[in-house]
Amino acid sequence: MSKRITEKVTWVGKIDWELKSFHGHELSTYKGSSYNAYLVRGNNKTALIDTVWQPFDKEFVTNLKKEIDLHSIDYIIMNHNEIDHSGSLPELMREIPDTPIYCTAKGEGIIRGHYHKDWNFVNVKTGDNLDLGGVMLTFIEASMLHWPDTMFTYMNGGDGEHILFSNDGFGQHYASESLFDDCVDKHEVYHEAMKYYANILNLYSFQVTKKIKEILAMNLPLDMIAPSHGIIWRSNLTEIVETYLKWADAYQEKQVTIFYDTMWNSTRKLAETIAKGIRKERPDVVVKLYNSSMDDKNHIATEVFRAEAVLVGSPTINYGFLYSIGGMLEMIKGLRFKNKKAAAFGSYGWSGGAVKQITEGLKGCGFEIVNDGFETMWVPDESTLAKAEEYGMQFAKSLK
Ligand code: FEO
């Protein structure tokens, strides 16, 4: 169902309460999500900004028809054309096939590549305007936030109607009936916004900083930031913008994140004992432990994002490390977290090798390796655990 969010803007998206994974199974979305589409009505013209994910295409078009005669939509604006936003275009375009689709040149290529249709495309660039009558839309290219086609649309519709439609930027996978940041649990929303940033946008942090500074330098009045997922920011725009600038700037908190996998609990015992040593030396540091074969991979990646240092542990198996460690290292390498110190630990039976290989993997993630790691044969006894605790203390000292 549609929801009026200002006099001139109506939300016509879809709240997806059941969504538990996104990008196939690459990203967990335990709080659901939403695909936000917006109808902007000027005095003379009406524009639709984005659509919703394909499984909801019929529902989207049916609901849109209840809100407006589809033939009264003069323009379709596609800020970004990943399927979660463009997926309902074919269903919509069956009804209004000649309606112009405003998007970047890259966006046109992506839409053509997905749907293979010769629709009426209008390519736009930064600074191009679309006058709806009393409402001016201005396009701002935002390439690689997070796809090459991405753009933002800024709306100047007068008092209380200055809105940045930022698509994935500032988004969160968070289902809410309330739609606005001041109507929901703020901690939950920021948690989801951080998870979204760490897992989707962090790789493009350079572009995030540049784009935010570019927009701030425009000195545009701003009442809301309306992303394409989750809640709309309206209560404290400075807070979320400044938080984004912090996240984009080699973010870290006073936290050590330890993730490990274990077969017969020797590596788990090492993890717990090293954690004890870290806290002994640095009581001001938060230490978090995750078993990467049991915990959510995106949650662990988010906890790596916020850490100043990372410890990764695995026993040696088949001359290498356990499967879940390989997945985590590959994911973290791709996300390009910066400003992290790291080291490895683990147990082995005869050959060893996991610690060395994890250390190489952590180097590949761009982390600063602070030592050669801690490795122990078979099950750690009291004296080995004392050494592991000492190792934790030394690791903590290296963070100062
Ligand atoms: Fe929400 Fe990149 O799509």
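Lys363 counts as partly exposed at 46% relative accessibility, where partly exposed lies between buried (under 20% relative accessible area) and exposed (over 50%), computed with a 1.4 Å probe on protein chains only. Its partner Glu360 likewise counts as partly exposed, at 46% relative accessibility, and the two form a salt bridge whose closest N and O atoms are 3.2 Å apart; a salt bridge here is a side-chain nitrogen of Lys or Arg within 4 Å of a carboxyl oxygen of Asp or Glu. Because Glu360 and Lys363 are three residues apart in helix H11, about one helical turn separates them. An α-helix has 3.6 residues a turn, so residues three or four places apart point the same way.

The model is a predicted one, in which local features need pLDDT of at least 70 and side-chain atom pairs count only at pLDDT 80 or more, while totals for chains, interfaces and linings use all residues. Residues are numbered from 1 along each chain as its sequence is written, and side-chain values use heavy atoms, with hydrogens and water left out.

Helix H11 spans residues 354-364, and its residues Ala354, Val355, Ile358, Thr359 and Leu362 are buried; helices (H or I, at least four residues) and strands (E, at least two) are DSSP runs numbered from the N terminus. Seen down the axis of H11, these buried residues fall within an arc of 135°, so they line one face of the helix, the arc being that of the directions from the helix axis to the C-beta atoms. Among the elements that cover the buried residues of H11 are helix H10 (323-335), strand S19 (309-313) and strand S20 (341-348), contact meaning heavy atoms within 4.5 Å. Just after H11, Gly366 takes a positive phi of about 85°.

Across the whole structure, a search finds 23 salt bridges.

| Salt bridge | Closest N to O |
|---|---|
| Glu59 and Lys14 | 2.8 Å |
| Glu360 and Lys363 | 3.2 Å |

In the pair of Glu59 and Lys14, distant parts of the chain are linked, since Glu59 belongs to helix H1 (residues 57-67) and Lys14 to strand S3 (residues 14-16), 45 residues apart. Glu59 is partly exposed, with a relative accessible area of 34%, whereas Lys14 counts as buried at 19% relative accessibility. In the other pair, Arg282 counts as buried at 8% relative accessibility, while Asp284 is partly exposed at 38%. Glu253, Lys288, Glu303 and Arg306, for their part, are linked in a network of salt bridges.

The structure also holds 17 aromatic pairs, for which rings of Phe, Tyr and Trp (its six-membered ring) must have centres within 6.5 Å, planes under 30 degrees apart counting as stacked, over 60 as edge-to-face and the rest as tilted. One of them, Tyr38 with Phe165, is tilted, at 4.9 Å centre to centre and 55° between the planes. Tyr38 lies in strand S7 (residues 38-41) and Phe165 in strand S15 (residues 162-167), so the pair ties together parts 127 residues apart in sequence. Tyr38 is buried, with a relative accessible area of 1%, and Phe165 is buried with a relative accessible area of 1%. Tyr75 and Tyr102 form an edge-to-face pair, 5.3 Å centre to centre with 80° between the planes, and both residues are buried.
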